[in-house]
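Here's a quick briefing to read alongside the model. Keep the 3D view open as you go.

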Amino acid sequence: MSYSAAVDHLYALGHELAPPSPDAPRRKFDLAHMRVLAAALGDPQTAFPSILIAGTNGKGSTAATLASILNAAGYRTGLYTSPHLSRINERIRINGIQISDEDFARLYFRVDDTAQRLVREGALPYPPSFFETVTALGLLYFAGNEADGTHPVDIAVLEVGMGGRLDATNIVEPLISVITDIALDHQDYLGHTIAEIAREKAGILRPGGTLVTLPQHPEANQTIGEVATALDVRAISAASFIPHSPVRASASEGKPEASQTLPRNHYTVTLAGEPLEIDSPLPGHHQQRNIALAIAAAVELRNPQSYNLDQNNETRNHKGYKITNIAIETGIRNTKWPGRLELLTFPDGPGLLLDVAHNPAGAWTLRAAIAQLPEAQPRTLLFSCLRDKDLKEISQILFPLFDSTTSDPERGNDNILFAPIPNPRAASLEELLAAAQALDIPAQAAPDLAAALAHARAITPKDGLIIATGSIYLVGEIRQLAEQE
């Protein structure tokens, strides 16, 4: 019943997106299986109201911001996100605090014992996947347990893992469905066009439900609109909470301090006729869209409405949450979402910028952020990614920014450094080096991430910057190594 045994058991389930062998078929997901498991556990997802957030990029940032707003408003708020950076406990939080090792182990073995019984009885064809198991565990934690005096959370914010229609989180009946920006990713599972992927994401909508979203790619807009219309969904645009004019950071004199290298999103929008001061620690122009979605969802939550709250479409009246403008400002200001354009500084070495740019859209976002950095900084790209990502397009977006053959000699050479990541879906060093070679851009490889970070520091001047990106698995381990210092 130990925590280490629970984690070992869990990882032994394998990664559902990585077949056990090249010839093995990919796992087919079926939401009915998740419903069977949840029913055997007492349907914990019905014990609390929830918000469901789907999308390709930005759903984690939106979820973290909305949860922080609800917490600032005084509500006991569950937050479920994936994947994690360092420890699996990060995925399940209440009021920003990770689930304890003891609770994780206790609930894991409850889920596992139940799943094994269902398989023996023939109610399930095979054990639940890694993600299905963790999702069930999280729902149980948010539901509380009267026997030990814990109560359900006031509300839970749930980030969809992949897609939406067949995602394990989609067994909840959300008060609000939020759809963030959609781009090409996980095409083997979700479809090869924006429209096909958008239709999977729109699977989180409910008949007569409420959608919060933003105008985006025309194909995504059209598909989401078609699904919403067919389901008689009330759609709310968060566009009014995006600043009308570009937000510019104030210029600093001389060499910028670390805190000024990537400035906070600081601007004012209007809410209910009053100014709302936005001061978010999440940098990057793209975060303004995620912040807007979180604001729009919070505003919708505080409005009395009738929502479909259960699987029988029985409508219950929701009186609204008491979320003041001050709570929205405070929640945005206190949001914590590490590994996304997160800058770590060290007194005796170059800075370290961490960002989970794991698909072409994320790579473009990172490239836009890099354009805001001081041009005089020599930079080293520390990169790795998964084999099922679009390495060719990501490399075309990012690698030319670190081409040592075109670096300004006055500021020193830029560099590209590859390292393997601990995941069965990881691209090999040979594949990474071949991507750089195809662009005629020099690159080096390290045997592991610890060696890569050490080498990056050795070749990057003290006033330079190391940018670690390409996969959350790389960012998580590099961040852990840096935190140890």
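Predicted model: local features only at pLDDT ≥ 70, side-chain atom pairs only at ≥ 80, totals over all residues.

Residues are numbered from 1 along each chain as its sequence is written, and side-chain values use heavy atoms, with hydrogens and water left out.

**Helix α4**

- Helices (H or I, at least four residues) and strands (E, at least two) are DSSP runs, numbered from the N terminus.
- Helix α4 covers residues 101–121, and its 21 residues should span 30 Å at 1.5 Å a residue, which agrees with end C-alpha atoms 30 Å apart. The expected span is 1.5 Å times one less than the number of residues.
- Buried residues in α4 include Phe-104, Leu-107, Phe-109, Asp-112 and Leu-118. Buried means under 20% relative accessible area, exposed over 50%, and partly exposed in between (1.4 Å probe, protein chains only).
- The buried residues of α4 pack against α1 (3–12), α2 (31–40) and α5 (130–143); contact here means heavy atoms within 4.5 Å.
- Just past the end of α4, Gly-122 has a positive phi of about 85°.

**Nonpolar cores**

- A nonpolar core is a set of buried Ala, Val, Leu, Ile, Met, Phe, Trp, Tyr and Cys residues joined through side-chain atoms within 4.5 Å.
- The largest one has 59 residues, and Phe-104 and Phe-142 have the most contacts inside it. Helix α5 supplies the largest share of this core, 10 residues.
- Apart from that core lies another, of 40 residues, with Tyr-75, Phe-241, Val-299 and Ile-332 among them.
- Not counting residues up to four places away in sequence, Phe-104 touches Tyr-3, Ala-6, Val-7, Leu-10, Ile-88, Asn-89, Ile-99 and Leu-137.

**Arg-206**

- You'll find Arg-206 in the loop between α7 (194–201) and β7 (210–213). Arg-206 counts as buried because its relative accessibility is 11%.
- Its side chain reaches the backbone oxygen of Asn-170 at 2.8 Å. That's a polar contact: a pair of N or O atoms within 3.5 Å, where within protein one must be able to donate a hydrogen and the other to accept it, and residues adjacent in sequence count only if both atoms are side-chain atoms.

**Thr-62**

- Thr-62 sits in helix α3 (residues 59–72) and is buried, with a relative accessible area of 1%.
- Thr-62 and Ile-295 are 233 residues apart in sequence, yet 9.2 Å apart in space, C-alpha to C-alpha.
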